[in-house]
Amino acid sequence: MKDIVEQIISDPRYLKNIEYGEPRSGHPEGKVKYHIAELEEILERFAPRISEEQYWKLKFLIHVHDAFKANAIPNSRIENPNSHASLAKKFASEFTDDADLLNMLQFHDVNFALWKEYAATGSYDLERLSRLLDTIVDWDLFLIFLLIDGSSVGKDPEKLRWFVAEVRKHKKTMVDESWIV
């Protein structure tokens, strides 16, 4: 996976797209490259608790997950083929055929969508969570990635606590509230 990350970070499309972004809610850092740099710092805090394989898969997810916001239709649904998640998955599929990693890219913002629904109404789409639970295989890796992405400046750690607790009702995972930084 290390060699794949090296290929990605030298890809001209990636290098162009990480220059995209302005400071906004949830992303006060602005450009995608600053978000990636912050997530890499957070990853280093997790490094002693994870395997080398997990480390490089997380690095892969960090570099690709938001790299295609510049090309996406703003505010499109996650499943839309022109959403930043779908475009990231398509790009990543040029480098790996790991279906679970590709699904993590596609669905990395579902937790936030579910949290927004829960925070607004006190309930959320249980069927959507069920589909996510059935789609993702490596819940340790996915939750660690969500914790890394959700621990950056400007993001509310409460949504992470909530989502980890919801997942733990259905899936066995080593990730619990103690992982939230």
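Biologist: How many helices and how many strands does the protein have?
Modeller: This is a predicted model. From the N terminus on, the elements run α-α-α-α-α-α-α-α-α-α. The secondary structure comes to ten helices and zero strands.

Biologist: What radius of gyration does the protein have, against that of a compact globule?
Modeller: The C-alpha trace spans about 45 × 35 × 30 Å along its principal axes. With 181 residues, a compact globule would have a radius of gyration near 16 Å. The protein agrees with that, at 15 Å.

Biologist: What share of the residues is buried?
Modeller: Buried means under 20% relative accessible area. Of the 181 residues in the protein, the buried ones make up 52%.

Biologist: How far apart are the end C-alpha atoms of helix α3?
Modeller: Helix α3 covers residues 32-46, which is 15 residues. At 1.5 Å a residue, α3 should span 21 Å. The end C-alpha atoms agree with this: they are 21 Å apart.

Biologist: Where around the axis of α3 do its buried residues lie?
Modeller: Val 32, His 35, Ile 36, Glu 38, Leu 39, Ile 42, Leu 43 and Phe 46 are buried in α3. They cover an arc of only 165° around the axis. An α-helix has 3.6 residues a turn, so residues three or four places apart point the same way.

How values were computed: Residues numbered from 1 in each chain as written. Predicted model: local features only at pLDDT ≥ 70, side-chain atom pairs only at ≥ 80, totals over all residues. Heavy atoms only, no water. Helix = DSSP H or I, 4+ residues; strand = E, 2+ residues; numbered from the N terminus. Expected span 1.5 Å × (residues − 1). Buried < 20%, exposed > 50% of the residue type's maximum accessible area, 1.4 Å probe, protein only. Arc of directions from axis to C-beta. Rg over C-alpha atoms; globule rule 2.2 N^0.38 Å.
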